[in-house]
Amino acid sequence: MLAVLLVGAAAGGTLWWLLADLAHQSAGQPVPGAGSARGEILRTALAAGAGVGAAITLALAFRRQNHQELHSFITARHAERVATATEHDAAERRVTDLYTKAAEQLGHDRAAVRLAGLYALERLAQDNPLHRQTIVNVICAYLRMPYAAPESASARESERKAALLAARRRYRAARLGALAVPDHAPRQETDREGELQVRLTAQRVLAEHLRDDRPLSTWDESPPSPRYWEGMRLDLTGATLIDFELTRARFTGSFDGVTFSGRAGFDFVTFSGDAGFDRVTFTGDADFARAIFSGEARFGGAAFSGEARFGGVTFSRAARFDGVTFSGEARFGGVMFSRAARFDGAVFSGDASFSEDTWFDSAVFSEDAKFDGAVFSGAANFGGVAFSRGAAADDQTFFTTWQSGEAFSEATFTGARATPTRDHVWPDGWHLEVGLDGTGFLVADSAAGEPSGNT
């Protein structure tokens with residue numbers, strides 16, 4: 001309706017203007033050919049109206065086309081979003097179904113079914129990176145469950161003989177026609193050997209997918225292996241782990257209260273955050289050689305029954321070995337302590353027992369190193385050790401047995417201090433010298449037996 005009015009207005013306006021102009025030219029006198037002029041004027045007005053109408057029609061068609069295209073675009077985008085959401089929901093439902101089935105298999109009585117559940121979870125995590133941490137949490141939870149080790153060969157033989165004797169009694173009773181004396185209810189057997197294999201498999205799954213073989217210098221340049229699950233966190237608090245190996249792994253984890261049965265291998269491991277090993281029991285050798293602790297390292301109350309190897313380890317933040325007991329040989333050669341090193345009740349502070357040799361050759365302590373109350377029952381070698389800030393021995397520090405008089409021959413104790421009022425037993429060739437402010441410094445004896453000053 002608006003377009004019709006516009007066309008009419010345009011035609012009328014044009015006609016009025018031309019007629020008014022013609023009337024002005026005639027000045028009230030008849031003009032030859034006025035009829036043809038009026039026809040021409042009328043045709044011109046109609047042509048102008050038609051032109052305006054065509055322009056309006058073209059504009060309306062353009063507007064209608066834009067509206068249709070916009071509507072089609074919005075409809076297509078909505079359909080695409082609906083399809084994407086539907087596909088995502090279908091994928092999530094599929095993942096949920098697979099996850100549920102695998103978790104049910106992991107709780108099955110038969111070890112073979114539990115193994116199948118583990119491998120199903122591994123494949124699910126490999127194909128769905130967003131669900132990897134959840135699946136790692138499930139595997140860790142399985143390893144945290146109570147575990148009983150397989151019986152020894154002698155126990156299995158005794159059980160076999162008892163079962164054979166019971167079978168003979170039942171056979172004799174059947175021949176005599178007498179009622180057999182019922183045996184004690186048989187013990188509910190669990191497949192301990194099978195459970196051991198399931199746990200070892202779970203450990204291997206974690207070890208394989210946490211291993212990052214890239215050199216440290218190329219982490220920002222080269223992509224990791226597709227098999228590596230980046231950014232994982234392990235929570236194995238209180239678990240029992242058997243011959244646990246995480247060589248060259250990179251992750252964040254807590255191992256508080258874990259019992260490591262057999263060897264524990266953490267060599268060349270990078271702990272991305274804080275690493276908790278409080279109250280851990282190492283029944284075999286523990287290897288942390290060349291490991292990197294990016295966050296705080298806590299070993300409070302840990303017990304090392306075998307050899308403890310920390311050679312070349314880098315502690316980027318505080319290292320706490322409070323109350324640690326090293327029953328075997330402890331090797332800390334070439335260790336880099338970037339922050340304070342506290343071994344309260346172990347190596348540096350508290351009651352720390354070392355039944356065998358202890359090695360700190362070429363270790364570097366960048367900040368405070370505390371040896372409060374450390375007890376070295378075996379040989380302690382500190383050759384080439386450098387204390388950048390200070391080594392404090394505020395309680396009783398005993399160096400009961402030294403490998404040789406050269407144990408501190410190349411040690412550097414810049415600012416090393418001890419409380420003069422406490423009882424300390426220093427190695428041969430070293431003594432405590434008290435300064436004017438009452439601070440005691442550990443200094444080496446000169447060849448003539450005189451103090452040589454602070455080293």
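**View 1. Strand 4 and strand 6 (residues 281-282) pair in the parallel sense over two bridges.** Pairing here requires that DSSP finds at least two bridges between two strands. Strands are DSSP runs of E with at least two residues, numbered from the N terminus. Phe 260 has Phe 282 as its bridge partner in strand 6. The model is predicted: local features need pLDDT of at least 70, side-chain atom pairs count only at pLDDT 80 or more, and totals for chains, interfaces and linings use all residues. Residues are numbered from 1 along each chain as its sequence is written, and side-chain values use heavy atoms, with hydrogens and water left out.

**View 2. Strand 4 is joined to strand 7 by two bridges, and the two run parallel.** In strand 7, Ala 286 stands opposite Ala 264.

**View 3. Strand 2 (residues 240-245) pairs with strand 4 over five bridges in the parallel sense.** Gly 265 in strand 4 stands opposite Glu 245.

**View 4. Phe 268 lies in the loop between strand 4 (259-265) and strand 5 (270-276).** Although Phe 268 is not a glycine, its phi is positive, about 60°. Phe 268 counts as partly exposed because its relative accessibility is 37%; the class lies between buried, under 20% relative accessible area, and exposed, over 50% (1.4 Å probe, protein chains only).

**View 5. Arg 290 is in the loop between strand 7 (286-287) and strand 8 (292-293).** Arg 290 is also not a glycine, and has a positive phi of about 65°. With a relative accessibility of 52%, Arg 290 counts as exposed.

Notes: Helices (H or I, at least four residues) and strands (E, at least two) are DSSP runs, numbered from the N terminus.
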